[in-house]
Amino acid sequence: MNFSSEIAKISLDTGAIKLAPENPFLWASGYRMPIYNDNRLLLGNAKHRQLIANGFQSIIQEKNIDVEVVAGTATAGIPPATSLANLLETPLVYVRPNPKEHGMKNQIEGILHPDQKVIVIEDLISTGGSALKAVQAIREAGGKVEHCFSIFAYEFTKATEQFQNAQCQLHQLLGFNELVAQAMEENILNKDQLHMLQSWNDDPFNWGDKNGFPSETS
């Protein structure tokens with residue numbers, strides 16, 4: 001099965017990924033961006049959840065990755081991590097962005113033993129900062145992490161560099177280039193829109209200012 005193509009079709013059909021180069025979205029960062037991803041919209045269908053878990057499992061088998069624990073990033077990475085852990089029959093943990101301020105003050109929830117081989121599951125990779133923060137937390141707790149998985153990745157150069165520097169391999173089920181190819185095939189985009197999206201992907205944080213969509217960053 002071509003998991004990338006199937007997930008691209010489903011994401012576009014459900015609205016989990018929206019493309020709007022002429023009327024870009026305001027991201028939480030304050031930047032105007034021509035694409036928006038909300039993988040929570042894939043949670044409503046059991047077949048979609050299973051497809052994602054099967055896709056991750058396929059990569060694990062193809063790359064011969066040894067997995068003892070599956071870790072999801074809180075909160076969006078927890079559902080796909082749970083589905084995958086059930087499929088692999090492994091323990092599951094999840095990683096908060098920061099330690100709790102009360103109780104046991106945990107950042108990692110669940111049972112993690114030193115030297116266990118862990119994979120991190122994230123729903124979306126933009127620059128990679130939040131996922132790599134989870135990787136670092138697991139390493140500091142004694143876990144061994146060499147692989148991070150995501151449902152979708154924007155394929156920014158910055159993310160590639162950050163994962164290389166962290167010595168962690170990134171695997172995505174769907175990447176930006178595969179997405180726009182599918183959108184062209186379905187006639188969702190015309191050539192001008194494709195060019196705008198590609199120019200955004202090359203320079204995402206300056207794209208808005210260059211195209212008359214100034215950011216609202218402080």
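Buried means under 20% relative accessible area and exposed means over 50%, with partly exposed in between, as judged with a 1.4 Å probe on protein chains only. The model described here is predicted, so that local features need pLDDT of at least 70 and side-chain atom pairs count only at pLDDT 80 or more, while totals for chains, interfaces and linings use all residues. Residues are numbered from 1 along each chain as its sequence is written, and side-chain values use heavy atoms, with hydrogens and water left out.

**Salt bridges in the structure**
- Side chains of opposite charge can pair when their charged atoms come close.
- Six salt bridges, each a side-chain nitrogen of Lys or Arg within 4 Å of a carboxyl oxygen of Asp or Glu, are found when the whole structure is searched.

**Lys9 and Glu6**
- Lys9 and Glu6 form one of these salt bridges through their side chains, at 3.8 Å from N to O.
- Both residues lie in helix 1 (residues 3–14), where they are three residues apart, about one turn of the helix; helices here are DSSP runs of H or I with at least four residues, numbered from the N terminus.
- Lys9 is partly exposed at 36% relative accessible area, and Glu6 is also partly exposed, at 31%.

**Asp38 and Arg40**
- The side chains of Asp38 and Arg40 meet in a salt bridge of 2.8 Å, taken from N to O.
- Asp38 counts as buried, with 17% relative accessibility, whereas Arg40 counts as exposed, with 56%.

**Lys210 and Asp203**
- A salt bridge joins the side chains of Lys210 and Asp203, with 2.8 Å from N to O.
- Lys210 is exposed at 62% relative accessible area, while Asp203 is partly exposed at 22%.

Technical notes: Helices (H or I, at least four residues) and strands (E, at least two) are DSSP runs, numbered from the N terminus.
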